[in-house]
Structure formats: structure tokens, C-alpha cells
Amino acid sequence: MLCPDCSFDNIEGMDNCEACGQSLVKFDPSGGELEQTISRHTIGVLCPSAPLTIEPQEPVATAIATMSNHHVGCLLVVDNRGDLVGIFTERDVLNRFSSNRRRLADPVGEFMTDAPMTISDDDSIAYALHAMDLGGYRHLPVVDENNRPTGIISVRDILRFLCVRFAELRTAS
Amino acid sequence: MTTELPVLTAKDFASDQELRWCPRCGDYSILAQFKKMLPTLGIPQENFVVVSGIGCSSRFPYYVDTYGFHSIHGRAPAIASGIKGVRPDLQVWVITGDGDGLSIGGNHLMHAIRRNINLKIILFNNQIYGLTKGQYSPTSPIGKRTKSTPLGSIDNPLSPLSVAIGSEASFVARSVDVDTKHLTAILHRAAHHEGTAFIEVYQDCNVFNSGAFYYASKKGVKEENVVYLEHGKPLIFGANRDKGIRVNEGNRPEVVELGSGISEDDLLFHDEKADEPSLAFLLARMRHPEFPEPVGVFRSVERPVYDLALDAQVNEAIAEQGPGDLETLFSSGDTWTVE
């Protein structure tokens with residue numbers, strides 16, 4: 001059992017952590033399993049999908065066709081250096097493009113959400129949920145320290161993970 | 001007859017209270033280093049007091065087996081000052097956060113520091129209000145989107161160290177929650193300082209503000225973004241220790257590459273004992289990404305200690321006028337009876 005204080009891996013049932021002495025009696029991992037799961041696990045365990053990207057000057061028609069052909073809900077918009085500059089999602093199609101349907105040839109950059117919220121592989125799932133709730137997002141780009149996209153996660157990825165996790169917990173108990 | 005004092009260990013300072021921090025919270029690391037440091041001070045366990053305000057940081061006293069107060073929002077420095085005033089023999093630690101200490105508690109913090117009361121203040125800076133689920137704080141950067149700043153913060157953030165130095169702090173330091181050896185060393189130095197010791201700790205809130213300090217904590221990244229301060233030594237950083245900080249002709253710091261005509265002698269040398277706080281302030285203003293951020297002891301100077309001076313005044317007054325009686329004091333002067 002991992003000590004929440006110093007992360008020492010104690011034998012199950014220990015009353016006190018062998019390394020730092022912190023009481024483990026009142027720390028009940030099974031009682032807060034959801035909290036444990038989403039706080040301990042990082043985005044990396046979700047195996048973020050490889051992002052589909054498009055440059056901002058590409059026509060919005062191309063963006064919509066790409067999303068449709070690949071059955072995805074969003075594209076990451078990157079500049080010619082590969083840096084993330086925006087995100088174009090189904091919601092942008094509905095909210096920004098649907099009233100301008102004649103503008104199929106216009107650049108997707110005019111319909112994207114720029115400077116999107118991003119997360120990194122090391123961030124916790126809890127933080128990703130907070131970010132989604134904060135912005136009302138269903139997708140979050142995963143970037144490296146240079147703001148280059150390395151993947152994308154969706155709220156569905158998190159739901160899928162939690163379903164698997166709960167099944168594991170039921171089996172274990 | 002002499003009584004041998006027990007040799008304390010970190011385990012002696014572990015409490016039996018239920019831990020309520022989120023898993024992977026940076027507070028755990030700070031707690032662990034704190035408990036490791038306390039036994040090394042040679043102070044009896046009952047002579048420690050930990051006083052906190054309100055916030056995630058402020059759950060700290062529950063998890064340390066010492067005397068403690070989980071007090072009211074922002075007032076820990078005031079309560080701690082009172083403790084030191086009547087019991088100067090106790091070692092008193094104040095645990096606060098960027099919200100508790102710099103928002104509602106800014107005033108108390110400033111006065112405790114400027115008085116140089118012998119308190120050890122640790123400010124857990126996670127740039128967010130964590131306990132209340134993610135509102136921006138006085139240290140949140142401009143543009144930070146949170147529950148209370150959906151369009152991005154338009155507040156200019158405070159620098160805790162700038163506030164401390166501006167309040168005439170005699171000991172100012174910064175460390176990072178996961179830099180355990182460094183943090184322990186800084187806590188140790190603070191414990192031994194005579195007067196107010198102020199430590200800012202970069203602390204990761206992995207639920208509401210994850211990654212705020214990755215640049216200063218992640219191995220392979222922090223080497224280019226952090227410069228370790230050592231008294232009397234030049235400011236050198238970088239994975240290959242090939243970069244330094246010097247002050248240019250405009251009296252502004254600049255990052256330079258060593259070699260090509262620039263040697264270590266051209267760099268800024270740290271002086272934590274400097275009488276004037278200007279150097280410490282200059283270092284405190286160096287912010288990522290423009291500069292590597294300094295960690296370590298920015299300033300450590302001697303100043304009269306308030307609680308000792310207070311104690312001396314009280315003793316002098318007692319010597320001249322006798323011990324005094326509270327009941328007599330209450331009934332003296334202009335009094336009246338309400339019937």
C-alpha cells in the first residue's frame with residue numbers, strides 16, 4: 001500500500017508507514033477510489049490518440065471532410081512549424097460555420113478556437129476533467145514542453161478508462 | 001539528576017490524523033521534508049507550534065504531531081506573533097498559501113515580517129485557490145482562466161518574495177516541493193535563522209493547476225530554468241553549467257553563455273548577507289521564461305528580533321514597576337458601573 005505522504009510501498013495492513021511513520025490507519029484507499037484513480041493516474045494511461053492536424057490556411061471544407069472521413073470530433077490547427085495555434089471541433093462547425101455555410105473555401109483559421117487549453121502527459125486525469133469542466137470542452141490537446149501537439153484526449157477516453165477501472169475494482173473486491 | 005532527552009525521528013512527528021490532501025499533491029512532499037527536518041533541530045517536541053490559516057496548505061498542523069492551531073483565514077501570522085510574544089522559547093512555524101497569505105492575510109503577513117518576529121513562515125504557492133476548487137489567486141498569472149476568471153485573469157500577480165523583501169524580511173528563500181534535498185536544506189536554514197524566515201515553496205496542485213511549475217520541477221527541463229543560489233558564488237545554470245547571469249550596463253540582469261569572452265568572473269555573484277535588499281529584489285524579479293528562476297536563500301541578514309526586544313521591555317518594566325496585576329489594571333483609570 002502506497003504511503004500518501006512519501007509514496008513508500010508498504011505491506012498491506014501496516015498501521016504506520018515504514019519509511020516516514022505516517023499513520024495509514026485512517027487512510028482508506030478503497031473509500032476514495034474514484035478520487036485515487038483520477039488523481040493518481042496521468043493522461044499517459046489514456047494512450048492519447050495521435051492528433052489529426054491541419055494548417056490554418058486550409059479551407060474549412062477540407063477540415064470538415066477530414067473529420068468526417070476519420071470519424072473524429074476535432075482537428076488540431078498547427079502552423080508551419082508544427083506549433084499548436086488552435087482547435088477546430090464539431091461545435092465550431094455548429095456554432096461558427098453553420099450560419100456561414102457558403103464559406104466552404106474560407107480558411108479554417110477563421111472558424112477555429114484559438115489558443116486552446118492544453119494538457120501534458122504528466123497531468124492527472126483529475127486535472128483534465130477540471131479543464132474540460134472549466135471550458136466546457138470535450139477534447140483537450142496534449143502537448144509537449146514546446147507546445148507541440150503529441151496527442152488528443154476526449155471525455156469519452158476518460159469515461160472508457162473509468163468504466164474499465166470500476167470493473168477492475170469490482171472484480172478485486 | 002539529569003534526564004536524557006529522547007532522540008526524535010521523523011516518525012515521532014507523524015500524527016494519526018486522516019490525510020485529506022489529493023493524491024500526488026505537492027503538500028505531501030513538503031510535509032515529509034518538514035518532518036525529517038524537525039528532529040535535527042534538537043528541540044523538544046512539545047516546544048514546536050505549527051499555526052496555519054485556511055486552505056489546502058493549512059491542513060498541515062493536523063499532520064504533524066506538535067502543538068498547533070488551524071486558525072482563521074489569513075490570520076496565522078497574527079496568532080503566531082501572539083504565541084511568540086508570550087512564549088519566546090517556542091519555535092513557531094506559520095503555514096500559509098498564496099491565497100491565505102497574500103489575499104486576505106496580506107496585511108498580517110507584512111507586519112509579522114517587518115517586525116522580524118522569530119517565526120518561520122512557509123508559503124505554499126500553487127497559484128490557485130485549491131480548497132475552494134480552482135479560483136484564481138493573487139499569484140495566478142495574467143490570462144489564467146479559472147472558474148472565477150472565465151475570460152482570463154486581468155489582475156497583475158504578486159511575487160511572494162518581492163512582498164517579503166519589500167516588508168524588510170531578514171531571511172527570504174525559495175524552493176520547490178519535489179526538490180526534496182534542497183527543500184530540507186532550506187527548511188533547516190530557516191529554522192536556525194534568528195528572526196522571521198520566509199520561504200516560498202512552489203507547490204503543484206495536480207487537480208486545479210497542474211503543471212504550473214513543471215519548468216522548475218521536471219528533470220531534464222528544470223536545469224535550464226532554475227539557478228541555484230549559493231552565497232559568494234556566481235549565478236551559473238544549465239544542464240552543462242554553460243550559462244550565467246550578469247548585470248549589464250543598464251543594471252539589468254541578462255543571461256549570457258560562458259565562453260566566447262565571458263568567464264565566471266564576469267557573472268553576478270550572490271551575496272545573501274548584503275545589507276541592502278536590492279540584490280535580493282533583483283533576483284526575486286527574475287521570472288520564467290525570460291530568466292532562470294533563482295531558488296535558495298535570497299537574503300539572510302541580522303536584524304533585531306521583535307520578540308526578544310519585547311521580552312526585554314517587559315522584563316525592564318517588571319523590574320521597575322513590579323509584576324503588575326491584571327485585575328488592578330482593569331479596574332484602574334476611568335471606569336463606571338452600568339446599573
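**Reading a two-chain model**

A compact globule of 173 residues would have a radius of gyration near 16 Å, whereas chain A has 21 Å. The model is predicted.

User: What are the spans of chain A along its principal axes?

Analyst: The C-alpha trace of chain A spans about 70 × 30 × 25 Å along those axes.

User: How many helices and strands does chain A have, and in which pattern do they follow?

Analyst: Chain A has five helices and six strands. Along the sequence, the pattern is α-β-α-β-β-α-β-α-β-β-α.

User: How do I read a hairpin in chain A, and which strands form one?

Analyst: Look at the two strands, then at the turn. In chain A, β5(A) and β6(A) form a hairpin, with five residues between them. Strand β5 (residues 139-143) pairs with strand β6 (residues 149-154) in the antiparallel sense, over five bridges. In the turn, A:Asn147 has a positive phi of about 65 degrees.

User: How many residues of chain A are in contact with chain B?

Analyst: On the chain A side there are 24 residues, in contact with 25 residues of chain B. Helices α1 (33-40) and α4 (125-135) of chain A each supply at least two residues of the side that touches chain B. By class, that side of chain A divides into eight nonpolar, nine polar and seven charged residues.

User: Turning to chain B, in what order do the eight strands of the open sheet lie?

Analyst: The order is β2-β1-β3-β4-β6-β5-β11-β7 in chain B, and the pairing is mixed. At the edges are β2 (67-70) and β7 (226-228) of chain B, each of which pairs on one side only. From one strand to the next, the twist averages 20 degrees.

User: In which sense do β7(B) and β11 pair?

Analyst: β7(B) pairs with strand β11 (residues 293-300) of chain B in the parallel sense, over three bridges. B:Val226 stands opposite B:Glu293 in β11(B).

User: Which strands does helix α2 of chain B lie across?

Analyst: Helix α2 (residues 76-86) of chain B lies across β1 (48-52), β2, β3 (91-97) and β4 (119-125) of chain B. The helix runs at about 175 degrees to β3(B).

User: How is a pair of packed helices described?

Analyst: Two values are used: the angle between the axes and the distance between the axes. In chain B, helix α1 (residues 26-37) and helix α6 (residues 180-192) pack at an angle of about 50 degrees, with their axes 9 Å apart. That angle makes α1(B) oblique to α6(B). The crossing of α1(B) and α6(B) is right-handed.

User: Which residues make the contact of α1(B) with α6(B)?

Analyst: From α1(B) come B:Ser29, B:Ile30, B:Gln33, B:Phe34, B:Lys36 and B:Met37. Among those from α6(B) are B:Leu183, B:Leu187, B:His188 and B:Ala191. The contact has six nonpolar, five polar and one charged residues.

User: What is the order of the open sheet of three strands in chain B?

Analyst: The order is β8-β9-β10, with antiparallel pairing. Its edge strands are β8 (236-237) and β10 (253-257) of chain B. Strand β9 (residues 243-247) of chain B is joined to β10(B) by five bridges. B:Glu254 in β10(B) is the bridge partner of B:Arg246.

Note on methods. Residues numbered from 1 in each chain as written. Chains lettered and ligands numbered in written order. Predicted model: local features only at pLDDT ≥ 70, side-chain atom pairs only at ≥ 80, totals over all residues. Contact = placed C-beta atoms within 7 Å. Helix = DSSP H or I, 4+ residues; strand = E, 2+ residues; numbered from the N terminus. Nonpolar A, V, L, I, M, F, W, Y, C, P; charged D, E, K, R; others polar. Pairing = 2+ DSSP bridges. Axes fitted to C-alpha atoms, helices over the stretch in contact; angles between N-to-C directions. Parallel < 35°, antiparallel > 145°, perpendicular 65-115°, else oblique. Left-handed = near helix turned anticlockwise from the far one by under 90°. Rg over C-alpha atoms; globule rule 2.2 N^0.38 Å.
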